[in-house]
Amino acid sequence: MSETKPPLDPNLKALESEAIHIFREVAAEFERPVMLYSVGKDSSVLLHLARKAFYPGRIPFPLLHIDTGWKFREMIAFRDRMAAEFDLDLVTYTNPRGKLEGVTPFTHGSSVYTNIMKTEALRQALDAGQYDAAFGGARRDEEASRAKERIYSFRTPDHRWDPRNQRPELWSIYNGQIRKGESVRAFPLSNWTEVDIWRYIQAESIPIVPLYFAAQRPVVERDGMLVLAEDERLELLPGEVKRTETIRFRTLGCFPLTGAIRSTATTLDDIIGELETATVSERQGRAIDRDEAGSMEKKKREGYF
Amino acid sequence: MTANIEATVQAAEAAQPATRNARPLRLITCGSVDDGKSTLIGRLLWDTKAVKEDQADALARDNRHQQNDLGLPDFALLLDGLQAEREQGITIDVAYRYFSTDRRSFIVADTPGHEQYTRNMATGASTADLAVLLVDARAGILEQTRRHATIATLMGIRQFVLAVNKIDLIDYDEAVFNQISAEFRQFALSLGVTDVTAIPMSALLGENVVHPGTASMPWYSGPPLVEVLELATQRTAQTVGFRLPVQRVSRPDESFRGYQGTVAGGSVKPGDSIVVLPAGSVANVKQIVTFDLVRNAAVAGDAITLVLDRHVDIARGDMIASIDAAPALGRAFEAKLVALSADAITTGKRYWLKSSSRRQRVRVEPKTRLALKTGQWDGADSLPLNSIGTVHLDFDEAAMFDPYETNRNTGAFILIDPDTNNTVAGGMIVERTTRVDGIDAGGERDHVLLSLPEDLADRLMASEAFADLRDHVEIRRVSGARAAAVLKDVD
């Protein structure tokens, strides 16, 4: 809101305008839109863009957080702070099967756990809210199957994605016609890259969860991943030793499934500098993408974002 | 001391990564698997470090494909994102790739060269500023190359790079390269395209893609591909009349009423006089509101909220335009169409037409169809999947457009089948037509009778220029003697 903020560079400005256009188009064309809010950096950018798109009005739809119950505690605190600060209409949902059947990432393995607590939970929450459009922060540069995702991604009544039968998408004209029960996932950040996200966070001073910045934190090494060990829910396995290291997270998800990286990047400048020279992708820290080839595509077909 | 200074400079560069001083350049790559398209894109991503090690590792884990002799990952495998593609070794759909250099970011629409290539190419080309056409140096210009260039031109692309790939396999033969590029330039000229950069290249060896290939091709003094892309121009819609298709009306409280949309042409500033279409009401711009500040101007591409100086009735789908350069308003337009659906576009069927934020009913009447093999426009009354043709559009209510040639935003539309809700065609407006002013209208000396030998007439009628005007012409085929007799009767 400050008048002294330098103008965005043309690259970020173009990406921002495109995202705002998509937000407005979906809000105008659909009856019950919702925005998936995962509390991560991309969601933070998405939220900021939504506020810009509808200014001076409020965001005209609710935000939905699928809470697996295993998110980093700092994420939940941050989420609640944002909701209060920006007067957001926040809906949170947890799959009751989690508690009922004791589904945890430790007992059921990452694949089954993700399917129940994220994909199934998302389908349940979307059905419960009768949402006909859901914004997500997915970017095409994240993963191979996402490179073929449309900006308006059509879903059947049971939330399935058919990558072989997508509607062609020409110019910036989006086809929002659906039948009752069908829905569309809309991706305003489709054309953003990871570096764009960070540059935009910096240029717009967007608040993000502090876990993205390096600090001394307790960790254990498990399956080649650095798992944050400041949570009583993490039970150490035989031979595992808790130690303190200077780490940060490149992406945030469920804490037992999201690996930290060793890093000393404590500022946005540091993070961007680190990215420019990074040799691994951001999803490398995500256990769920690595289960098998085509893993993301499979999850997406079943309704995952 | 010197070492210290150098270290400082390097640190400063690392901390302050070069900013991108331009919008992302959108490009499309055309060519088939055999031309080495996957290798080229893979090479672009690899050499600009857009591919990370774990992504390459994931390929190695798939282990059906081994790394090639150069120790690089199998690029085709990296690019084919869907399981079916990996299983069948084909590319199914348009994919978007991202890479950047210190100067610019790039969005590549990567389209398969074979199955349904027209549909996918049209999709990828619709937003592209530039097309990279790939040819195999051993094969030269093929019919496919001409088709790709034709489609790209139709979709509004006027900048081409001809990548003459696999030049290493013909021993870097300059004469062959020159002959291929000359042949293509001549063909491009027939499409009205003059901006062609031809580059001899080995995508596999990385010569003239990101890094120069001077060592193998001392005879080539031009830039590698990435430098051409860095310097390519972007078409701007800023010099045409102001257009704001209204996406939604913002009314947070009684005191505020703003019209939200993305500027689709020209520029606007407070005080400008505008007209609201189709109603025709006029007003002046009071304010341009954005989240950051109240602005004193906005240009094409900006997402804004416009406040007017008086109350006028404006809804989603209306267009706010400059009062002295408004778009064409009418119920009948001529357009070019690319058919995207298995169900052919046929006369009489009613579709939804969506253009900018406006959706309305339209009846479509196919007129001609482009024979991609010959470049001729033949008469047609339906347009099957993957065909390109000219059509007549008839609206129930007033529609407003600019010619696609003038404004890609306000001259483009899609057709939606109301039965299936599928997007069945992409269209580009040629011009408004006024049927009442056609053949039968009066007026002295405003028509011309031509008598031509049949073969010459057929050539004229098959040309692209004629395809757009077919409705305006009456045609009779007669003997030379009869033609002479008819003309004799006319002054």
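Student: At what angle do the axes of helix α2 (residues 41-54) of chain A and helix α6 (residues 194-204) of chain A cross?
Tutor: First, a word on the ground rules: this is a predicted model, where local features need pLDDT of at least 70, side-chain atom pairs count only at pLDDT 80 or more, and totals for chains, interfaces and linings use all residues. Residues are numbered from 1 along each chain as its sequence is written, chains are lettered from A and ligands numbered from 1 in the order in which they are written, and side-chain values use heavy atoms, leaving out hydrogens and water. Helices (H or I, at least four residues) and strands (E, at least two) are DSSP runs numbered from the N terminus, while axes are lines fitted to C-alpha atoms, for helices over the stretch in contact, with angles from 0 to 180 degrees between N-to-C directions. The axes of α2(A) and α6(A) come within 10 Å, and their crossing angle is roughly 55°.

Student: Are α2(A) and α6(A) parallel or oblique to each other?
Tutor: Angles under 35 degrees count as roughly parallel, over 145 as roughly antiparallel, 65 to 115 as roughly perpendicular and the rest as oblique. The angle here is roughly 55°, so α2(A) and α6(A) are oblique.

Student: Which residues of α6(A) does α2(A) meet?
Tutor: Contact means heavy atoms within 4.5 Å. From α2(A) come A:Lys41, A:Asp42, A:Val45, A:His48, A:Leu49 and A:Lys52. Their counterparts in α6(A) are A:Glu194, A:Ile197, A:Trp198, A:Tyr200, A:Ile201 and A:Glu204.

Student: Over in chain B, which hand does the crossing of α6(B) and α7(B) have?
Tutor: Helix α6 (residues 117-125) of chain B and helix α7 (residues 143-154) of chain B have axes that come within 9 Å and cross at roughly 40°. A crossing is left-handed if the near helix is turned anticlockwise from the far one by less than a right angle, and right-handed if clockwise. By that rule, the crossing of α6(B) and α7(B) is right-handed.

Student: What is the strand order of the six-stranded sheet in chain A?
Tutor: Two strands pair if DSSP finds at least two bridges between them. The sheet is open with mixed pairing, and its order is β3-β2-β1-β4-β6-β5. Its edge strands, each pairing on one side only, are β3 and β5 (152-155) of chain A.

Student: Which residue of β3(A) is the bridge partner of A:Ile66?
Tutor: Strand β2 (residues 63-66) of chain A and strand β3 (residues 90-93) of chain A run parallel, joined by four bridges. Within β3(A), the partner of A:Ile66 is A:Tyr93.

Student: Which residue of β4(B) is the bridge partner of B:Cys30?
Tutor: Strand β1 (residues 25-30) of chain B runs parallel to strand β4 (residues 130-136) of chain B, with four bridges joining them. The partner of B:Cys30 in β4(B) is B:Leu133.
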